[in-house]
Amino acid sequence: MKNYRVPQEVNAGSMADIAFLLLIFFLVTTSIENEAGINRLIPPDIIDTHVDIKERNLFEISINNADYIMAKDEIIDSKNLREKVIAFIDNGGVSSEKEAYCTYCKGNRLAELSENPDKAIISIKAQRNSSYPVYVTVQNEVIGAYNFLRNRESLRLFNTTYEAINSQYYNEEISDYQKIKLKERLETIRALYPQKILEPETVNN
Amino acid sequence: MIKFTKYRFSKSLPPVSTASLPDIVFILLFFFMTVTVIKNQNLLVENTLPTATETEKLDKKDRVIEIYVGRPSTDSNSNLGDEPRIRMDDKFITVDEVSDYALQALALMPQHLRSVATVSIKADIGVKMGIIEDLKSQLCMVNLLKINYTTFEGEALSDL
């Protein structure tokens, strides 16, 4: 009688355990990437710059050592900061006969806030002992205010948000033609609401 | 007469095959291998980033210079005190050395990336603004003006 040999099967039951061990090893030694942050351009190191700014066009934000935030001479909460900054930038206070009149602004056109978004300057000052998260929060709110206004104008002009255009522009897969078009749009919106943020030297005390 | 009970007694349920279990686990493994990065070597400083909402992604690693600021972590250096320190290039450096090290890092970059180099400041939430301001003026001196305050995504600090 012929001896039928059934080929021996390798037991794969422990394979799962090995794979689990590998999986757990990778879970422990790696971390999911979370690299994101607030991009800022700090002003270059020029010493003798003297520009006269009207007081109404300057929105001063200061943070003191006790982490209180002061904006336009009153202590405010960081939650209200964004609203205030938006109201300031979007004010468009110049009368409609003048050349600098802001046609797209939707602000209240008050006499004590900025003349138009192009002239509006925001200054963020911090003392040496104020804490970093508060500073980041203030930066965040100011940039949030700009993004809000830019999004609004972008929706009006191009029917997409500014952030969508921005992320599309940095996408590698688009053609050169599209890139030029997107760049034009970005520049149009940036020209409507240019970011003018000053960061003067901290006060020593 | 048909015996309905025939199979019930003669055969038990076949065992569930676990042959595909390794495959499933391997798929999981490959997923994790692709979406994660291997942790940085010992950080030396405490590093809990603040949170912000208006963040932009910092995905192009080749043009980023990293600076960590924080107080020395307790497990590795117990004799260094509580003052926040700057860590660059895997070691502690003083504020005055920041510009030198930044230029060094810049010199290691390919030529076409130098003009778009970004400095990522990874500062701990316990850091005061003084050291950050010094850092900024140092970077300003060597004309590295693109700064990224690296944060976690999330609701910005609300209880001040």
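**Close-ups of where chain A meets chain B**

**View 1. A strand from each chain, side by side.** In β3(B), E56(B) is the bridge partner of G37(A). β2(A) and strand β3 (residues 56-57) of chain B pair in the antiparallel sense over 2 bridges; strands count as paired if DSSP finds at least two bridges between them. Helices (H or I, at least four residues) and strands (E, at least two) are DSSP runs, numbered from the N terminus. Keep in mind that this is a predicted model, where local features need pLDDT of at least 70, side-chain atom pairs count only at pLDDT 80 or more, and totals for chains, interfaces and linings use all residues. Residues are numbered from 1 along each chain as its sequence is written, chains are lettered from A and ligands numbered from 1 in the order in which they are written, and side-chain values use heavy atoms, leaving out hydrogens and water.

**View 2. The whole interface.** Here 56 residues of chain A are in contact (heavy atoms within 4.5 Å) with 56 residues of chain B. Together the chains bury about 4,900 Å², 61% of it on carbon and sulfur atoms; this is the accessible area (1.4 Å probe) that two parts lose on being put together, summed over both. E35(A), I42(A) and Y132(A) supply 16% of the area that chain A buries against chain B, more than any other three residues.

**View 3. A salt bridge between the chains.** R128(A) forms a salt bridge with D134(B), with the closest N and O atoms 2.7 Å apart. The rule (a side-chain nitrogen of Lys or Arg within 4 Å of a carboxyl oxygen of Asp or Glu) finds 2 salt bridges across this interface.
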